[in-house]
Amino acid sequence: MEEAILWTLLIFLARMTDVAMGTMRTILIIRGRRGIAATSAFFEMLIWVLAVSRVLTQLDQWHYIISFALGFASGNFLGSYIEEKIAMGYSFAYVVPRSRQSNLAEILRQQGFGVTVIKGEGLKGTEFVYNVVLKRKDTHRFLKTLQANDKRAFYTIMD
C-alpha cells in the first residue's frame, strides 16, 4: 500500500514537472534560446518516459492514471505561473491619453519606459498616440503609472 501511494505521488510530481518544463521550453524557443530549450527537452522527455511507463505497465491502477492526469493539469498551471513571474522579453503598448494637458509621456520616460509620441487624426481631431516599449516584467508598474496619471487613457499591450 505504501508503495502505491509513493508511486502515485511520484507520477503526479513527474508529470507536473515535465509539463511545466514543456511550457518553459516553448517560451525559450519563441525567445530564440534554442540551446537551453533543447537541453530542457532532453530532461523533460526523460521524466515523461519514466512516468508514462509506470502508468502504461499498470493500467489496472486507476490512481496512477488519475495522478498522471492531475500532474498534467497542475503542470500547465505551474508552467504558466513560472512564465508569468519570469516574464522574459519585451512588450509594446499603444496609449491614447484622454487628458489633453497630459505630461504622461514625460512621466513614463522618467519611469524608464521608452516612449515615442505620434500625432494622429481621430474622430474629434488631433490625437496623440504613445508607443511605449517596456520589459514584460514591468507591465504591472507601467499600468500602475498609467492609472495614477491618466485613469481614462485608452491602451493596448502586445507581446
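I started with E83 and R136, and both are buried (under 20% relative accessible area with a 1.4 Å probe, protein chains only; exposed is over 50%, partly exposed in between). Their side chains meet in a salt bridge, 2.6 Å from N to O; the term needs a side-chain nitrogen of Lys or Arg within 4 Å of a carboxyl oxygen of Asp or Glu. E83 sits in helix α3 and R136 in the loop between β3 (125–135) and α5 (139–149), 53 residues apart. Helices here are DSSP runs of H or I with at least four residues, strands are E runs of at least two, and numbering goes from the N terminus.

A note on the source: this is a predicted model, where local features need pLDDT of at least 70, side-chain atom pairs count only at pLDDT 80 or more, and totals for chains, interfaces and linings use all residues. Residues are numbered from 1 along each chain as its sequence is written, and side-chain values use heavy atoms, leaving out hydrogens and water.

R25 pairs with E44, the closest N and O atoms being 2.6 Å apart. R25 lies in helix α1 and E44 in helix α2 (residues 34–56), so this pair ties together parts 19 residues apart in sequence. R25 is partly exposed at 21% relative accessibility, while E44 is buried at 6%.

I also found D138 with R141, closest N and O atoms 3.4 Å apart. D138 counts as buried at 18%, and R141 is partly exposed at 33%. Shared partners join R31, E83, R136 and D159 into one salt-bridge network.
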